[in-house]
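Please read them with the structure open beside you.

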Amino acid sequence: TELAVVVGADGRIRARFRWWQSAQIPTSEVPGGRSTERVPDAELDGEPGASDPAGGWCGCLDVAGREIGEISVAELSVLLQRFTRLQSLALRDLRLTGRLREGYSRHPGQDATDSVLALCVYLLTRCPHLQALSLLRCVGDAFDTAPSEQRVRSGQPPPCFGRLRSLQISEMDGPGTAGARWLVRCTPNLHLLDLSWSDANFGSLLELPRAIERIDLVGCLAVGEAQIRELVRSPEHGSLMHVSLPSGMPFSVVHTCLQLPRLRALECSGAYSDGGAPRIAIEHAELRALGLSALLLNHACCLELACPRLQRLDLRQDVFVFEGISGLSLACPELELLDVRWNAQLQLKVTAPMAELRSALLEGCAALSAHMLYNLVQSAPNLEQLEMGECDGLRVEQAVFALAFAYALRSRPRLRYILPSGVKGVGLDAEEW
């Protein structure tokens with residue numbers, strides 16, 4: 001069962017209640033808020049809810065602001081009291097008002113004024129069954145410094161939030177260095193950590209739990225390449241499967257991450273080459289998704305991908321660039337999505353059939369020739385989407401382009417495509433079908 005609560009800037013709460021079984025539907029009021037609207041209540045397994053939706057069985061609570069909604073800590077506390085078995089809690093786009101009177105006394109004395117840490121501790125303590133906690137773009141005076149009299153009691157043992165599997169603190173201030181380390185020590189079974197676009201800093205990523213499988217550090221300016229290398233090379237963190245790196249990392253860091261044996265997805269925007277080799281080989285037996293958008297190479301260099309299980313490849317540029325990928329060799333038989341848009345110098349070479357390829361996004365690849373296109377469509381019998389806008393090289397060899405296009409249309413009559421301006425396909429009068 002899921003309850004989604006929307007909080008307006010005026011503090012008015014509106015709720016959307018979802019349930020997954022057929023039920024009789026009386027009505028009740030959502031607790032908390034300065035004024036409420038009546039929302040459906042559900043009867044699950046023949047036991048009607050008392051005064052709260054689903055009789056306290058709500059498993060997912062999503063409290064989101066419309067633009068920036070306002071809710072007080074007291075109102076949030078009343079709301080959480082009514083749902084005692086929450087497994088997932090998200091607070092998004094909220095202005096939290098009032099003072100946190102709980103949470104400060106549970107963490108170390110040196111962090112007694114860390115309000116973000118205090119909020120995490122408060123929520124995890126109030127909701128002991130939580131497995132996923134998400135804080136996204138939350139602000140307000142609840143994050144101001146705590147009163148000086150609220151200090152940790154010496155000798156108090158730290159709590160353990162062993163049920164928590166997923167933690168997101170994104171697009172907002174994060175806990176301080178000491179507080180962040182303390183928090184992850186209290187969550188030994190954490191599998192997913194999302195700190196994207198926050199200023200959270202662990203000092204050393206070796207503090208992360210051994211169970212960690214997914215980590216998102218996009219936009220984390222406090223995390224440097226030395227910390228990434230240290231984490232990836234640690235034998236205690238071999239379970240990492242999904243890694244999103246901060247922008248602007250050297251390509252050698254990307255190569256270091258490829259040493260993770262269980263890696264399934266790797267993302268790094270704005271990576272740059274820090275070597276002079278004429279080729280860069282990317283090989284991994286288990287990799288499923290690779291995102292290297294806005295990749296910058298300082299020399300004529302060919303990327304050679306040999307990833308037998310790769311399904312999604314994102315090498316697009318944000319703008320039309322000449323410093324992008326000069327050559328791309330693909331040996332990825334399970335590839336489903338190829339996105340290389342706006343790589344002006346791209347030379348494409350397919351070295352293995354790609355029977356699973358559904359989408360090829362080639363817009364802005366000015367150096368793409370008709371022969372390259374012909375080889376691509378021959379190797380992809382199930383192609384459904386083909387974008388070729390601004391592929392100026394196709395205008396030079398229109399006869400070969402016509403042959404490639406005729407082959408594509410004959411074998412895939414439902415193919416969706418965009419042609420380069422000024423180029424006509426065989427028997428076509430429009431640039432887009």
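1. Glu304 of strand β17 has Ser329 of β19 opposite to it, and on its other pairing Glu304 faces Ala281. Before going further, please note that this is a predicted model, in which local features need pLDDT of at least 70 and side-chain atom pairs count only at pLDDT 80 or more, while totals for chains, interfaces and linings use all residues. Residues are numbered from 1 along each chain as its sequence is written, and side-chain values use heavy atoms, with hydrogens and water left out.

2. Strand β17 (residues 302-306) is joined to strand β15 (residues 279-283) by five bridges, and these two strands run parallel. With strand β19 (residues 327-330), β17 pairs over four bridges, again in the parallel sense, and within that pairing Leu305 has Leu330 as its bridge partner. Strands are counted as paired if DSSP finds at least two bridges between them; the elements themselves are DSSP runs, helices being H or I of at least four residues and strands E of at least two, numbered from the N terminus.

3. These pairings belong to an open sheet of four strands, in the order β15-β17-β19-β21 and with parallel pairing. Its edge strands are β15 and β21 (347-350), each of which pairs on one side only, and the twist from one strand to the next averages 15 degrees.

4. Which residues of β17 lie on its covered face, and which on the uncovered one? Leu303 and Leu305 make up the covered face, whereas Cys302, Glu304 and Ala306 make up the uncovered face. As background, side chains in a regular strand alternate between the two faces of the sheet.

5. Helix α2 (residues 115-126) packs with helix α3 (residues 177-185) at an angle of about 20 degrees, their axes being 9 Å apart. That angle makes α2 roughly parallel to α3, a label used for angles under 35 degrees, where axes are lines fitted to C-alpha atoms, for helices over the stretch in contact, and angles run from 0 to 180 degrees between N-to-C directions. The crossing of α2 and α3 is left-handed, that is, the near helix is turned anticlockwise from the far one by less than a right angle.

6. In this packing, Leu117, Cys120 and Val121 of α2 meet Gly179, Trp182 and Leu183 of α3, contact being taken as heavy atoms within 4.5 Å. By class, five of the residues in the contact of α2 with α3 are nonpolar, one is polar and none is charged; Gly is counted among the polar residues.

7. Helix α4 (residues 225-232) has Gln227, Ile228, Arg229, Leu231 and Val232 as its buried residues, where buried means under 20% relative accessible area, exposed over 50% and partly exposed in between, with a 1.4 Å probe and protein chains only. What covers the buried residues of α4 includes β12 (214-216) and α5 (251-257).

8. Trp342, in the loop between β20 (337-339) and β21, has a positive phi of about 65 degrees although it is not a glycine, and at 23% relative accessibility Trp342 counts as partly exposed. Glu390, in the loop between β23 (385-387) and α7 (398-411), likewise has a positive phi, near 60 degrees, and is partly exposed, with a relative accessible area of 37%.

9. For the protein overall, there are seven helices and 24 strands, and buried residues make up 51% of the 433 residues.

How values were computed: Angles under 35 degrees count as roughly parallel, over 145 as roughly antiparallel, 65 to 115 as roughly perpendicular and the rest as oblique.
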